[in-house]
Amino acid sequence: MRRIAVCPGSFDPVTLGHLDIITRASQLFDKVIVLISTNANKKQASFTATERMMMIADATEHLDNVVIDILDGLLVDYVKRVQAVAIVKGLRAVSDFEYEFQMALTNKALYAGAETVFLTTSQENMYLSSSVVKQIAYFGGDISRFVPACIQEAIQKRLTQQGGDKFEY
Ligand code: PNS
């Protein structure tokens, strides 16, 4: 039996922290589905789901057992449909814990087969997030330490105050 894991998130945009978790999950499971999902608590995304998908595709091109999908619905329904054995999430600082714990328990309550596996974020990504990347890019700062090199320019072009309409994905 192939063991499938789903790695859900907003990925707006994908960061080196996400990529680290996706890479490590790809070593633990036969197949990893990176699932671009809607977080109803977050306001308007900076990138469309298709743009986010293309950025993740570029950043994970070297990982043979990783695929990307888009979900506009409940995570547990997707997990059930593809018969995934795990939902993989990265856990950063203590501040993530309560939110992630609540989501894991809620998903489990909605579908008993939804097992959440937490991977500890690598130390260098402890405080990295998509919103931090967006803040830096917006003010023209250097995001090269935080996002995959292949998508850096596209992110910068979209988010920088001067170049908002030049995004190329
Ligand atoms: O990267 P994020 O925004 O922290 O990811 C949160 C996400 C998108 C994984 C979560 O909001 C989610 O699973 N959305 C899909 C809808 C759903 O199933 N919500 C109930 C989760 S308790």
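Student: Which residues come nearest to the ligand?
Tutor: S10, T38, N39, K42 and L75 come nearest, out of 15 residues around the ligand. A residue counts as near if one of its heavy atoms lies within 4 Å of the molecule. This is a predicted model, where local features need pLDDT of at least 70 and side-chain atom pairs count only at pLDDT 80 or more, while totals for chains, interfaces and linings use all residues. Residues are numbered from 1 along each chain as its sequence is written, and side-chain values use heavy atoms, with hydrogens and water left out.

Student: What does the side chain of K42 do there?
Tutor: An N or O atom in the K42 side chain is 2.8 Å from an oxygen atom of the ligand. L75 has a polar backbone atom 2.8 Å from an oxygen atom of the ligand. For Y99, a polar side-chain atom lies 3.3 Å from a ligand oxygen.

Student: How much of the ligand does the protein bury?
Tutor: The protein buries 83% of the 540 Å² that the ligand exposes when taken alone. Accessible areas come from the Shrake-Rupley method with a 1.4 Å probe, and for residues only the protein chains shown count as cover.

Student: Which elements give two or more residues to the shell around the ligand?
Tutor: β1 and α4 do. The largest share, 4 residues, comes from α4. Helices (H or I, at least four residues) and strands (E, at least two) are DSSP runs, numbered from the N terminus.

Student: How far does α4 reach, end to end?
Tutor: α4 has 17 residues and reaches 25 Å from its first C-alpha to its last, close to the expected 24 Å. The expected span is 1.5 Å times one less than the number of residues.

Student: Which residues of α4 are buried?
Tutor: D96, E100, A104 and N107 are. Buried means under 20% relative accessible area, exposed means over 50%, and partly exposed is in between (1.4 Å probe, protein chains only). The cover over the buried residues of α4 includes α3 (75–82), β4 and β5.

Student: What does the side chain of E100 meet?
Tutor: The E100 side chain makes a polar contact with the side chain of K89, at 3.1 Å. K89 lies in strand β4 and counts as buried, at 15% relative accessibility.

Student: What else is K89 in contact with?
Tutor: Beyond its neighbours within four places in sequence, K89 is in contact (heavy atoms within 4.5 Å) with residues including P8, I21, M103 and F118. K89 and A25 are 64 residues apart in sequence, and their C-alpha atoms are 9.3 Å apart in space.

Student: New topic. How many aromatic pairs are there?
Tutor: The count comes to 2 aromatic pairs. Rings of Phe, Tyr and Trp (its six-membered ring) pair if their centres lie within 6.5 Å; planes under 30 degrees apart are stacked, over 60 edge-to-face, and the rest tilted. The rings of F97 and F101 have centres 5.1 Å apart and planes at 25 degrees, so that pair is stacked.

Student: Why are F97 and F101 about one helical turn apart?
Tutor: Because they are 4 residues apart in helix α4 (residues 94–110). F97 is partly exposed, with a relative accessible area of 42%, and F101 is partly exposed at 41%.

Student: And what about Y138 and F139?
Tutor: They form an edge-to-face pair, 4.8 Å centre to centre, with 85 degrees between the planes. Y138 is partly exposed at 39%, whereas F139 is exposed at 57%.

Conventions: Polar contact = N/O pair within 3.5 Å; in protein donor to acceptor, adjacent residues only side chain to side chain.
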